[in-house]
Amino acid sequence: QVQLVESGGGLVQPGGSLRLSCAASGSSFSVGTMAWYRQAPGKQRELVAGISSGGNTNYADPVKGRFTISRDNTKHTVYLQMNSLKPEDTAVYSCNAIIFPSGQLPRNDWGQGTQVTVSS
């Protein structure tokens, strides 16, 4: 059984920074594309950033130039460095990953979500 465990959310003032982490744990698996999504109250979940196993990245327009996604394949971990945070970045941030369990079909897994609140 593979689990995605997130950490790093919290309360930060506008202009501040946070770093989110998401680690996939379990046995006998590999990880494909990993991504961060967010959902603000009353809004639909949206893609924030994604990164392929080879390191290719893509970003939503509202976060370009402020957020950086990266990964450590040796640790099955994806990171989201968030700088110059704005109140509109407030949301629950969730990690998503394509998991390839050994001998099984690939599946799309989600973390439990972590709250990011940007407020003075």
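Read along the sequence, the pattern of the chain is β-β-β-β-β-β-β-β-β-β-β. The model is predicted.

## Exercise 1: The chain as a whole

Solution. 
- Step 1. Along its principal axes, the C-alpha trace spans about 50 × 25 × 25 Å.
- Step 2. Of the 120 residues, 42% count as buried.
- Step 3. The accessible surface of the chain is about 6300 Å², and carbon and sulfur atoms account for 47% of that surface.
- Step 4. Take the contacts between residues at least 6 apart in sequence: 54% of them join residues at least 24 apart.

## Exercise 2: Arg107

Find the strand that holds Arg107, and state whether Arg107 is buried, partly exposed or exposed.

Solution. 
- Step 1. Arg107 belongs to strand 10, which covers residues 107–110.
- Step 2. A residue is buried under 20% relative accessible area and exposed over 50%. The relative accessibility of Arg107 is 26%, so Arg107 counts as partly exposed.
- Step 3. Leave out residues up to four places away in sequence; Arg107 then touches Val2, Ala97, Ile98, Ile99 and Pro101.
- Step 4. For Tyr59, the separation from Arg107 is 48 residues in sequence and 23 Å in space, C-alpha to C-alpha.

## Exercise 3: Two residues with positive phi

Locate His76 and Ser84, and give the phi of His76 and of Ser84.

Solution. 
- Step 1. Most residues other than glycine have a negative phi.
- Step 2. His76 is not a glycine, yet its phi is positive, at about 50°. His76 sits in the loop between strand 7 (67–72) and strand 8 (77–82).
- Step 3. Ser84 also has a positive phi, near 50°, and is a residue other than glycine. Its place is the loop between strand 8 and strand 9 (91–101).
- Step 4. With a relative accessible area of 25%, His76 is partly exposed. Ser84 has 41% relative accessibility and therefore counts as partly exposed.

## Exercise 4: Ser53

Which residues are in contact with Ser53, leaving aside its neighbours within four places in sequence?

Solution. 
- Step 1. Ser53 lies in the loop between strand 5 (46–51) and strand 6 (57–59).
- Step 2. The contacts of Ser53 beyond those neighbours are Val31, Gly32, Arg71 and Asn73.
- Step 3. Asp72 is 19 residues from Ser53 along the chain, and their C-alpha atoms are separated by 9.5 Å.
- Step 4. Ser53 has a relative accessible area of 44%, so Ser53 is partly exposed.

## Exercise 5: The largest pocket

How many nonpolar, polar and charged residues are in the lining of the largest pocket?

Solution. 
- Step 1. The lining residues are Arg38, Gln39, Ala40, Lys43, Gln44, Glu46, Pro62, Arg66, Lys86, Glu88, Asp89 and Ala91.
- Step 2. Sorted by class, the lining has three nonpolar, two polar and seven charged residues.
- Step 3. The space in this largest pocket is about 150 Å³.

Notes
Residues numbered from 1 in each chain as written. Predicted model: local features only at pLDDT ≥ 70, side-chain atom pairs only at ≥ 80, totals over all residues. Heavy atoms only, no water. 1 Å grid on protein atoms, 1.4 Å probe; cavity = no way out; pocket = protein on both sides within 12 Å on 5 of 7 lines; lining within 4 Å. Points joined across faces, edges and corners; volume = space filled by probe spheres on them. Nonpolar A, V, L, I, M, F, W, Y, C, P; charged D, E, K, R; others polar. Helix = DSSP H or I, 4+ residues; strand = E, 2+ residues; numbered from the N terminus. Buried < 20%, exposed > 50% of the residue type's maximum accessible area, 1.4 Å probe, protein only. Contact = heavy atoms within 4.5 Å. Areas by Shrake-Rupley, 256 points an atom, 1.4 Å probe, with all protein chains shown as cover.
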